[in-house]
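Subject: Structure for your files

Dear colleague,

Here is the structure I said I would pass on. My notes follow below it.

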Amino acid sequence: MTQFVYLFREADGKDKAKFGGKGANLAEMTKLGMPVPPGLTITTEACTQYYKDGKKINDEILAQVFEKLAVLEKETGKTFGDVENPFLVSVRSGARASMPGMMDTVLNLGLNDVSVVGLAKLTENPRFAYDCYRRFIQM
């Protein structure tokens with residue numbers, strides 16, 4: 001089975017062909033002990049597989065994404081979409097080489113009409129929570 005999804009700490013920071021520039025750099029910073037929030041990288045090989053599969057994300061790749069998300073949820077003590085303690089993620093595109101015009105970053109994925117209330121309670125800052133939600137919706 002091909003591994004398509006890696007936690008930052010599992011990835012090889014020197015392999016930009018496999019992890020893209022951002023993914024490789026996040027892996028390298030993580031291994032150096034820099035304060036990088038935990039995350040995962042979906043390999044450039046997954047992109048190639050996506051096109052081989054007729055522009056569909058296959059079940060193997062999806063299963064690996066959910067497996068790694070479960071690890072991150074356990075490590076952070078947060079749950080994706082949870083009302084009380086939401087786990088939020090940011091999504092950034094990357095490539096083997098820098099490519100102008102790639103998709104923008106999506107921040108605060110995991111917020112919705114319900115989980116934003118939990119974030120407001122958790123942070124004791126409703127303005128912050130709703131500003132995060134606004135940014136997510138605008139993206």
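This is a predicted model: local features need pLDDT of at least 70, side-chain atom pairs count only at pLDDT 80 or more; totals for chains, interfaces and linings use all residues.

Overall fold. The protein chain contains 5 helices and 6 strands. Their order along the sequence is β-α-β-α-α-β-β-β-β-α-α. Along the principal axes, the C-alpha atoms occupy a box of roughly 40 × 35 × 30 Å. The radius of gyration is 16 Å, which agrees with a compact globule, because 139 residues packed that way would come out near 14 Å.

Surface and charge. The protein chain has an accessible surface of about 8,900 Å², and carbon and sulfur atoms supply 57% of that. Buried residues are 29% of the 139 in the chain. There are 18 positive and 17 negative side chains, and the centres of these two sets are 5 Å apart.

In soluble globular proteins, nonpolar side chains tend to be buried together. Here the largest nonpolar core is made of 10 residues: Phe4, Val5, Leu7, Ala46, Ile61, Val65, Leu69, Leu72, Phe87 and Val89. Strand S1 (5-7) and helix H3 (59-76) are the elements that contribute two or more residues to this core. H3 gives the largest share, with 4 residues. Phe4, a member of this core, touches several residues beyond its neighbours within four places in sequence: Thr41, Ile42, Thr43, Glu45, Ala46, Gln49, Glu60, Ile61 and Gln64. There is also a second, separate core of 7 residues, and among them are Val116, Ala129, Cys132 and Tyr133.

Helix H4. This helix covers residues 115-123, and its buried residues are Ser115, Val116, Gly118, Leu119 and Ala120. What do the buried residues of H4 pack against? Their partners are strand S4 (86-87) and helix H5 (126-138). Val116, buried in H4, is one of the residues in the second core. Just after H4 comes Glu124, with a positive phi of about 55°.

Regards

Technical notes:
Residues are numbered from 1 along each chain as its sequence is written. Side-chain values use heavy atoms; hydrogens and water are left out. The radius of gyration is taken over C-alpha atoms; the globule rule is 2.2 Å times the number of residues to the power 0.38. Buried means under 20% relative accessible area, exposed over 50%, partly exposed in between (1.4 Å probe, protein chains only). Accessible areas come from the Shrake-Rupley method with a 1.4 Å probe; for residues, only the protein chains shown count as cover. Lys and Arg count as positive and Asp and Glu as negative; His and the chain ends are not counted. The place of a charge is taken as NZ of Lys, CZ of Arg, CG of Asp or CD of Glu. A nonpolar core is a set of buried Ala, Val, Leu, Ile, Met, Phe, Trp, Tyr and Cys residues joined through side-chain atoms within 4.5 Å. Contact means heavy atoms within 4.5 Å.
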